Amino acid sequence: MSSRFDLGPRPRLGYVKSPIARAVEHRTEVDVLARDPASGFYMFAGDAVVLKHAQGRRDPLFTAAETRRLGKPLEIAFLGLLEGEPRFALALAPPAIAALQARGDIVLIDLRSIAMRSLLEHDHLCALAEGRALMNWHARHGFCANCGAATKTVEGGWRRDCPACKTLHFPRTDPVVIMLAVDGARCLLGRSPRFEAGMWSCLAGFVEPGETIEDAVRRETREEAGIVCGRVTYFASQPWPFPMSLMIGCHAEARSDEIAIDHSELEDARWFDRAEVALMLAGIHPAGLTAPYPVAIAHHIMRAFVENDVVFD
């Protein structure tokens, strides 16, 4: 079916299709690879990304020599190989972070702002998302959840071992369903209290233990907005490093239409027709309503509905 709405070329989904090959077989060679002159390092100061700033240009990639001059690393992880060149994520220790804040040639900025403002090339976003999630995991897993002993980093930053009870700890990813309930030519959108003024988006929630993706979509839609759903179709997925989730995008067939909002989750929810969602995506809604930025999978889920790519017969 052809679309009634021309929104122009489809934007690229953020944090996906990384050009870096993970090269798992090299994760035990971190010490050697980190000394390779061709190695590049993405550096993190807490939750902020460290960028070189000179002559109006921002660069997130540091050489091994530059990282040594900037301070002692707290953690380091091997991300993989980019055309044979090693790439790493590196978290700085607090004293080094304090020193960076006084420098005029360094900028500290959060990854979400980088992505929304398109401050860096897309391929850097993929590496930064991977690196930020890993560094976040290390920051929260310095001690064994089984016995409480301090753990140590192994496997190029992709595992932490407990020397006391021998438990092996691996980075985790939390699955989150993000979905658009569709009722013919209209869809259900919600507003979180955390959203910027005027923005509406898909509903979302964590997948619970023992639950399928489809069941999670139906449960979350019913719990948050009171809408009963039937068929569920998969759309796409997106790593979301805030802190370390996998967004699983879906469309769902609405089988009821009376909304009952869970105000502990949503500020508001209502039905929107295709024309109104198209105006939101284009940024020209007469009431100033907006959709999520193209970097987020919610934007793409909504756009697929507008362009008639989603039909439940």
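Hi everyone. Let me start with a term: a residue is called buried under 20% relative accessible area, exposed over 50%, and partly exposed in between, using a 1.4 Å probe and protein chains only. What you see above is a predicted model, where local features need pLDDT of at least 70, side-chain atom pairs count only at pLDDT 80 or more, and totals for chains, interfaces and linings use all residues. Residues are numbered from 1 along each chain as its sequence is written, and side-chain values use heavy atoms, with hydrogens and water left out.

Today's topic is salt bridges. By that I mean a side-chain nitrogen of Lys or Arg within 4 Å of a carboxyl oxygen of Asp or Glu. Searching the whole structure turns up 24 salt bridges.

One of them joins the side chains of Lys52 and Asp59, at 3.6 Å from N to O. Asp59 has 16% relative accessibility, so it counts as buried.

Now, please look at Arg219. Arg219 meets its sequence neighbour Glu220 at 3.0 Å, N to O. Arg219 is buried, at 10% relative accessibility, and Glu220 is buried too, with a relative accessible area of 8%.

Arg219 also forms a salt bridge with Glu223, where the closest N and O atoms are 3.1 Å apart. These two sit four residues apart in helix α6 (residues 213-225), so about one helical turn separates them. Helices here are DSSP runs of H or I with at least four residues, numbered from the N terminus. Glu223 is partly exposed, at 38% relative accessibility.
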